Every structure is written in C-alpha cells, then in structure tokens.
Amino acid sequence: MATAARKAPAKSKAKSDTKLSSALSAPAPLDFDKSQELDAYRGMLLIRRFEEKAGQLYGMGFIGGFCHLYIGQEAVVTGLEMSLKDGDQMITAYRDHGHMLAMDMSPRGVMAELTGRRGGYSKGKGGSMHMFSKEKNFYGGHGIVGAQVSLGTGLAFANRYRENDNVCLTFFGDGAANQGQVYESFNMAALWKLPVIYVIENNRYAMGTAVSRASAETDFSHRGLSFKIPGIQVDGMDVRAVKAAGDMAVEWCRSGQGPMILEMQTYRYRGHSMSDPAKYRSKDEVQKMRSEHDPIEQVKARLIEKNWASEDELKAIDKEVRDIVADAADFAQTDPEPDASELWTDIVH
Amino acid sequence: MTRRTMIEAIRDAIDVSMDRDEKVVVFGEDVGFFGGVFRCTEGLQKKYGTHRCFDTPISETGIVGVAIGMGAYGLRPVAEIQFADYVYPGYDQIVSEAARLRHRSAGDFTAPLVIRMPCGGGIFGGQTHSQSPEALFTHVAGLKTVIPSNPYDAKGLLISAIEDDDPIIFLEPKRLYNGPFNGHHDQPVVPWSKHDLGETPDGHYTVPIGKAAVRREGSALTVLAYGTMVHVALTAAEETGIDAEVIDLRTLVPLDVETIVASVSKTGRCVVVHEATRTSGFGAELAAQVQERCFYHLEAPVLRVTGWDTPYPHAQEWNYFPGPDRVGRALKQAMEG
C-alpha cells in the first residue's frame with residue numbers, strides 16, 4: 001500500500017519531466033547592445049592575450065610543468081559570466097585561466113601562480129591547474145579529470161542549504177563526461193534539485209582522443225536524461241548564444257527547478273597542453289575553425305558592421321589589454337619565489 | 001641488443017607480449033590512436049588492430065573494473081592509468097576486487113592484469129601529476145608492486161608482469177623515461193642511449209619479479225632504493241665518497257628480503273630512500289624489516305630520506321624532492337651514528 005502510494009506521484013512526475021526536457025531547445029542568440037558587445041570583446045581578448053603570453057613564458061622556461069591554454073574557447077566563460085550575479089560560483093578543471101579572468105581575478109595573481117611566485121593566487125603552491133579565489137567565488141582549478149564535478153554539486157547543495165539563490169557553474173570537458181562520478185553527481189543534483197549548471201565544454205578532443213572514439217552518446221546534452229536533467233546544445237563559439245543559454249539555465253536553477261546541462265560546442269586551437277603536438281587532427285581543421293568561427297572575430301565583425309566601434313577604437317582596446325597582460329607577465333617574472341619555509345605552511349598536521 | 005629509452009623498452013615489452021599471446025590486450029586513456037601520453041603504446045594499434053589496443057573513456061573505475069572482468073575470463077589485460085595520480089577512482093576496484101578475487105574464489109579465478117602507471121616527480125607536475133603512491137598498494141594483500149629503474153629491467157619486468165597470474169601494479173618513474181635522472185635538476189641528464197642499462201635484448205626475456213639488484217657493491221653501508229632514487233643514491237655515494245652498497249629493490253611486493261639481509265648484515269648500516277611522503281611510506285616497512293632481521297648487526301639507527309609529509313609542491317619541487325645532497329647528508333649521518 002505504502003509503496004503504491006509512493007509510486008503514483010513519482011510516475012506522473014516522471015512523465016511531465018520527460019516532456020519538459022525534450023521540449024527544451026537552445027534559445028536563439030541574444031541581440032547584444034553596444035556595451036555588451038564591447039564588454040564581450042574586451043573580456044575575450046583579455047583571455048586570448050593572456051594565454052598567448054602564458055604560452056610565450058612557457059616557451060621561455062618561466063612556467064614549468066603543465067599549462068593548458070583556453071585559446072578558442074573564450075566565448076564560453078565570457079558569455080556565461082554575463083549571466084551571473086554576485087555570489088554565483090564557478091568551479092572547473094585544469095584549463096582554468098580563462099575562468100579566473102572571467103571571474104575578475106587579477107591577471108597578475110594568475111600569471112604569478114603559473115610562474116610559481118609569492119604573489120600567485122596559491123602562493124606558488126598550486127601552479128597552473130590549482131588556484132582559487134574565495135573573494136571572487138572561484139573554487140578552482142582541479143587537476144584530476146572529473147573530480148570537480150562532485151565538488152560543484154556540493155557547492156550547489158551548500159547554496160540550497162544556506163537558502164541563497166546562487167547557482168554554481170560546474171565546468172568539465174567532453175572527456176570528463178565519461179567519469180563515473182559525474183553520474184553519481186547528476187543523480188544527487190536531480191534528486192535534491194540542486195542549483196547547479198553542468199557546463200560541458202565539448203572541445204571535441206579529450207587530450208588526443210576524439211569524442212567519437214570515447215563516447216557512445218556524443219550528444220552531451222542528453223547525458224542527464226535518465227536523471228531527468230534537461231540539457232541543450234549551444235554554439236559555444238558565439239558569445240550571444242552562450243549568454244542566451246546562460247540566462248535560461250540560471251533562471252531555471254534560481255527558481256528551484258534543479259540542475260541543467262549546457263553542452264558548449266567549442267574548440268581549442270592549441271594542443272591539450274604545451275607538450276602536445278596535436279597530431280590527432282589536421283591543420284586544416286584548426287584553420288577552418290579559426291577563420292570561420294573565431295569567437296572574437298565574430299564580435300569584432302559585428303562591432304564594425306554596426307558602426308559601434310572603429311578599427312582604431314578596437315586597436316586601442318587591444319593595446320589596453322596587451323598592457324594589462326604585459327604588466328602581469330612582468331610581475332610574474334620579477335615577483336620573488338616563495339620562501340622555502342612556505343613548504344610547511346597550509347599543511348594538515 | 002638495442003639501445004632503448006625506458007619508453008621504448010616498455011613499448012617493446014608490450015609488443016613482444018602481444019605478439020606471443022593473443023590474449024594480451026592493451027587499453028587506457030589515449031592509449032590506442034594517440035599512442036599514450038608518454039608514447040609507450042605508439043604504433044601498437046596500427047600493428048595489432050583496434051580490438052587489441054584501444055582507447056577508453058576517462059573512467060578509471062571502469063578501466064580497472066573492466067580489466068578485472070577480462071582477466072577473470074582468461075584475457076591478459078594491460079591497462080594504463082595515464083598518471084599514477086589518477087588511479088584513486090579505480091582504487092576501490094583494485095583493492096576490493098582485483099586483490100581479492102583469487103582468495104574469495106578459492107583459486108577458481110585470478111585477476112591476471114597489469115596496471116601500468118607513470119609515477120613520481122621531477123617534471124613540475126604539481127600535486128596531481130607527481131605522486132608516488134606505492135605504499136597504498138604495498139599495504140594491500142593480494143597485489144604485487146613493481147617499479148623498474150632502467151630500460152633493461154622495465155622490459156624484462158613488464159613481460160614477467162604480463163605473464164603473471166595475479167594483479168600487478170607496474171609503476172614507471174616518469175622522470176626516468178628518457179634518462180637516469182640523478183636528482184641534479186640543474187644538470188643535463190645522460191640519455192639512456194649512453195647508459196649500460198639502456199642496452200636491452202630484442203625479443204623475449206624476463207626479469208624475475210621479487211628479485212632485487214645490487215647496483216653498486218660497497219662495504220660501508222647499505223642504501224635501499226627503487227625507481228628514480230636508485231640513481232640519486234648512486235650519485236650521493238659517489239659525491240660523498242662513502243663506500244655504499246646500493247640496492248635497487250625493483251619489486252616492493254614480493255620483497256627480496258634475502259638480498260637486503262645479506263647486505264645489511266655485511267655493512268651494519270642502512271639508509272632507506274624514497275620519493276613518496278614519509279609517514280607510513282614503504283620506507284617504514286623496510287626499516288622494520290631491517291631491524292627485525294639485522295638488529296644485532298646494526299651499528300647505527302636505520303635512517304630514512306623521503307619526500308616531506310606535504311602535498312607535492314609546485315614551486316618548491318626541489319625542496320621536496322630528496323636529491324643527492326639530502327641523501328648524502330643521511331649517508332654521512334649513518335656513518336657517524
């Protein structure tokens with residue numbers, strides 16, 4: 001009796017949820033006004049120039065170990081950040097520089113962490129893949145593929161528990177989407193209706209393995225369906241489409257309807273890390289994405305077409321961004337290395 | 001005989017094994033098409049086909065679990081975990097299933113799998129690409145843990161591991177892939193092509209699991225080391241001028257106690273060296289073995305030189321890594337003690 005009573009509402013609920021998720025489709029790209037276009041342009045350019053500089057510093061030996069550049073994927077974090085409000089969180093994997101810049105963390109602090117200096121966000125203890133900012137609600141930077149997904153789910157739980165209406169953007173890649181704990185997290189998030197947006201940055205390659213070689217279901221927006229988590233596929237190279245999807249997902253989460261999945265279809269221009277010669281794809285493929293879908297060029301073209309900015313004005317923005325990045329790079333090269341005693345601070349005894 | 005890097009030796013061991021036994025299958029993240037992040041499986045998919053050398057999703061629990069199932073049903077899976085630091089999601093499968101299958105089926109089933117994983121630091125990998133988790137495996141009854149220090153051993157031990165009927169954790173010190181790194185990070189590393197132990201026989205040969213090798217004979221004290229630290233210890237002996245006997249354990253479980261006891265009984269002093277953190281590290285087991293078996297031969301306390309009990313650092317890598325200076329100081333201390 002009791003079982004039947006419990007079953008009945010669950011069944012009817014399942015029906016309506018299934019209908020809901022299949023009815024969802026990606027919203028049309030927003031029309032940006034002039035200031036939005038300029039903000040997006042500047043934000044994406046900052047990430048690109050920062051990453052180019054990081055690549056140079058790596059080549060010069062200032063950055064050791066691992067360094068994963070975000071070049072090509074700038075529209076994803078830039079567009080999504082435009083949908084957030086104070087207190088919303090981000091957590092991601094190891095390709096994290098763009099997320100931190102989008103969350104307004106200081107370029108100096110990020111670059112100095114890459115070079116392992118005192119002024120780095122983790123005082124040189126974390127490096128490229130592991131840094132955080134409580135102040136800016138950035139929860140890292142995680143080096144283990146997929147591990148941050150459970151953490152992001154927990155952050156969303158904390159939001160609910162504290163009865164704020166903040167959402168947690170939990171980023172992971174197409175590769176991480178095959179980790180078991182992702183699905184354990186999906187189940188909990190849907191079960192408890194947690195305000196978490198799972199952003200799957202599908203850049204087509206898990207290091208050197210193309211999506212089709214590692215994933216039985218390559219439509220990642222469907223990955224949550226058996227947990228009744230709705231998902232949509234988004235053109236992650238178009239910052240307006242990203243923002244539209246972000247608005248929709250944020251509203252969904254804030255209104256207590258539980259998690260949502262956004263599959264951002266994007267592309268990384270550089271290798272997986274600095275040591276990856278990227279032999280698993282053709283140069284033509286990369287060139288085609290660059291010339292036809294570049295997120296920054298798209299905004300630039302609209303700004304010029306609508307007479308919202310001249311070439312000179314855009315150059316001035318580039319100059320301003322380059323100065324910020326040059327200052328960060330100078331700082332990251334001259335800031336002292338941490339004292340040896342720092343090895344023994346922030347330790348669990 | 002061919003001069004091989006450790007990467008080439010490992011690849012050759014897998015190649016030889018796949019060629020001899022069609023039950024050998026090789027898989028992991030980026031292992032097939034890409035050839036492995038450190039290139040240890042390059043060309044094998046082309047040679048043996050996608051059914052024998054293939055990519056997996058990024059699912060360490062699944063990789064280990066699937067390998068156990070394959071092994072239980074007669075295959076000889078060689079699974080790669082891309083970095084030892086990534087093995088933790090698969091740890092439950094390793095401990096609860098692989099290590100216990102033989103016992104709980106009363107010998108009906110075994111888990112003849114090899115789980116290869118690059119380990120250790122020295123490449124600025126920070127806390128998630130530098131760890132030495134060997135003690136997590138040596139503590140588990142039912143697993144064998146192997147860690148070569150050179151191409152000759154890497155090939156011979158890996159072939160032995162693939163032919164073994166029980167689960168083997170095969171740790172590959174990644175800093176040694178291209179040369180015998182001795183801890184002097186500011187000096188160039190001699191490539192394996194110029195090192196005697198880069199010389200590896202072609203075709204099939206084995207190095208027995210459970211046998212240590214004496215890398216340097218000496219009478220003053222015994223150094224117990226494995227992996228990268230073998231080369232660091234040899235350098236420390238040279239630089240301090242102390243006539244140390246350096247033993248390369250090669251296999252941690254089963255441990256070659258006989259070789260250890262013979263050496264310490266002769267020298268009366270012992271220093272244990274490893275990269276991993278100190279507390280409950282494998283060095284603690286070694287020190288306990290030595291004091292239990294050689295107590296009346298000892299003329300000084302058994303010393304340990306290890307990584308610190310901290311997360312593996314980023315900027316402070318060379319303060320953490322127990323290099324030749326730190327090992328040298330311990331050798332001197334053991335001589336005075």
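Predicted model: local features only at pLDDT ≥ 70, side-chain atom pairs only at ≥ 80, totals over all residues.
Helix H11 of chain A runs over residues 295–305, and its buried residues are Pro295(A), Ile296(A), Val299(A), Arg302(A) and Leu303(A). These five lie on the same side of H11(A), because the arc they cover around the axis is only 130°. At the start of H11(A), the backbone nitrogen of Ile296(A) has a side-chain oxygen of Asp294(A) within 3.1 Å. After H11(A) comes Asn307(A), with a positive phi near 60°.

An unreviewed UniProt entry annotates residues 43–340 of chain A as "domain: Dehydrogenase E1 component". In the model this span is 44% helix and 10% strand, and its end C-alpha atoms are 36 Å apart.

Chain A also meets chain B. At this interface, 34 residues of chain A are in contact with 30 residues of chain B. About 2600 Å² of area is buried between the two chains, with carbon and sulfur atoms giving 65% of it. On the chain B side, the residues that lose the most area to chain A are Ile58(B), His314(B) and Gln316(B), which together make up 24% of what that side buries.

Turning to chain B itself, the annotation "domain: Transketolase-like pyrimidine-binding", from an unreviewed UniProt entry, covers residues 4–179. Here the end C-alpha atoms lie 10 Å apart, and the chain is 38% helix and 16% strand over the span. Thr5(B) sits in the loop that links strand E1 (2–3) to helix H1 (6–20) of chain B. Is Thr5(B) buried or exposed? With a relative accessibility of 19%, Thr5(B) is buried, because the limit for that class is under 20%. Beyond its neighbours within four places in sequence, Thr5(B) contacts Pro151(B), Tyr177(B), Asn178(B) and Trp192(B).

Another loop of chain B, between strand E2 (24–28) and helix H2 (44–48), holds Phe38(B). Setting aside neighbours within four places in sequence, the contacts of Phe38(B) are Ile7(B), Gln82(B), Phe83(B), Pro118(B), Lys174(B) and Tyr177(B). Of these, Ile7(B) is 31 residues away from Phe38(B) in sequence, while their C-alpha atoms are 7.4 Å apart.

Further along chain B, helix H8 (residues 228–240) contains Leu234(B). At 23% relative accessibility, Leu234(B) is partly exposed. Leu234(B) touches Arg215(B), Arg216(B) and Val246(B), when residues up to four places away in sequence are not counted. Between Leu234(B) and Met117(B), which are 117 residues apart along the chain, the C-alpha separation is 25 Å.

The cysteines complete this tour. A disulfide is a covalent bond that joins the sulfur atoms of two cysteines. How many disulfides are there over all chains? The count is 0. For Cys253(A), which is in no disulfide, the nearest cysteine sulfur belongs to Cys168(A) and is 9.5 Å away. Cys253(A) is buried, at 4% relative accessibility. Cys294(B) is buried, with 0% relative accessible area.

Notes:
Residues numbered from 1 in each chain as written. Chains lettered and ligands numbered in written order. Heavy atoms only, no water. Helix = DSSP H or I, 4+ residues; strand = E, 2+ residues; numbered from the N terminus. Buried < 20%, exposed > 50% of the residue type's maximum accessible area, 1.4 Å probe, protein only. Contact = heavy atoms within 4.5 Å. Disulfide = S-S within 2.5 Å. Arc of directions from axis to C-beta. Polar contact = N/O pair within 3.5 Å; in protein donor to acceptor, adjacent residues only side chain to side chain. UniProt positions renumbered as here; feature names shortened; annotations may be inferred. Buried area = accessible area lost by both parts, 1.4 Å probe.
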